[in-house]
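Work through the exercises below with the model open. Try each task before reading its solution.

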Amino acid sequence: MTSIEVDTTLPHSARAYGWMLGLKDNFSADREFLLNLLPNFPECLDISRQNRQFLYRVVSYLAAPPERGGPGISQFIDFGCGLPSGDNVHQVAKRFSADARVVYADIDPIVLAHGRALLAADESTTIIQADMRDPAVLKHPELVRLIDFTQPVAVLYLSVGHHLKDAPGGGLAGARDTLHAVIDHAAPGSYIAASQVVCDDPDRGLAFGSAIDAAGIPWQSRTPKEFADLLDGLTPLDPGLVNLKEWRPDPDQPPLPSIDPALKPFEGRAQDSNLYEYGGVLRL
């Protein structure tokens, strides 16, 4: 495998997110970034973990066959997948369908290196390096090999909406076009799951986004309505677009890894906050 040059002096969104999930692949720059951000925005810890738990519930529902209350989706595309953690999409989906096919897509070479190591022996699952804003991603040979667009597909954009800017840049699609690129051309019976961090207070949301932008991580702050507007024309499943902790909670789902002691002061701080992860599952 080709070696990857990693600048460990700059914070990295996937590694920082992974640290909040209990993963170990991070550097001091990632930890310092979060320890500077969290005193002003302590909700980030809880909502990162709530998003990962949402992924489990979403895939469990979508992959479940009709006799178990789900639509029986057997092919998934996970855009902006991030570093592998426990209960990844293919692992959850295969509990319901042994022939489930999953394509992970991320622009980050660090994510690719970890993903390829995890998936080395799995012909029904792959990870590709691609910018989700680039329509050419749908022509990627590995995606074409595994995904049959004449059949229903589930498209995941989990906790990536805030990384999609409103205005197009560099010839790539804007936020709404990106979120609709696959689902608007998918077979009937397809689904999209999407989420992003939102804030009910636009001023606080702007301050939050500015703090992340300043660290070199692109961010687009939105209110819940602004994010919902990006998904117009699609039909939300019950209970609609909500704070993710309210989307079909399952007290029996597997727990996440425990957090680093340095993050303990920020645990449980998202309760009744105006900053939270918002989204849901929608049907074509």
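**Exercise 1: helix 5**

At the start of helix 5, the backbone nitrogen of Ile110 has a side-chain oxygen of Asp108 within 2.8 Å. The model is predicted: local features need pLDDT of at least 70, side-chain atom pairs count only at pLDDT 80 or more, and totals for chains, interfaces and linings use all residues. Residues are numbered from 1 along each chain as its sequence is written, and side-chain values use heavy atoms, with hydrogens and water left out.

Task: find which residues of helix 5 are buried, and what covers them.

Solution. Step one: helix 5 spans residues 109–118. Helices (H or I, at least four residues) and strands (E, at least two) are DSSP runs, numbered from the N terminus. Step two: Ile110, Val111, Leu112 and Gly115 are buried. Buried means under 20% relative accessible area, exposed over 50%, partly exposed in between (1.4 Å probe, protein chains only). Step three: the cover includes helix 1, strand 2 (101–106) and strand 3 (125–129).

**Exercise 2: helix 1 against helix 2**

Task: determine at what angle helix 1 and helix 2 pack, and which residues meet.

Solution. Step one: helix 1 (residues 13–21) and helix 2 (residues 28–37) pack at about 70°, with axes 9 Å apart. Axes are lines fitted to C-alpha atoms, for helices over the stretch in contact; angles run from 0 to 180 degrees between N-to-C directions. Step two: helix 1 is therefore roughly perpendicular to helix 2, a label for angles of 65 to 115 degrees. Step three: Arg15, Ala16, Trp19 and Met20 of helix 1 meet Asp30, Arg31, Phe33, Leu34 and Leu35 of helix 2. Contact means heavy atoms within 4.5 Å.

**Exercise 3: Asn88**

Task: is Asn88 buried or exposed, and which residues does it contact?

Solution. Step one: Asn88 sits in the loop between strand 1 (75–79) and helix 4 (89–93). Step two: its relative accessibility is 6%, so Asn88 counts as buried. Step three: leaving aside neighbours within four places in sequence, Asn88 contacts Arg52, Tyr104 and Leu118. Step four: the side chains of Asn88 and Arg52 make a polar contact at 2.9 Å.

**Exercise 4: Arg248**

Solution. Step two: Arg248 is partly exposed, because its relative accessible area is 32%.

Notes:
Parallel < 35°, antiparallel > 145°, perpendicular 65-115°, else oblique. Polar contact = N/O pair within 3.5 Å; in protein donor to acceptor, adjacent residues only side chain to side chain.
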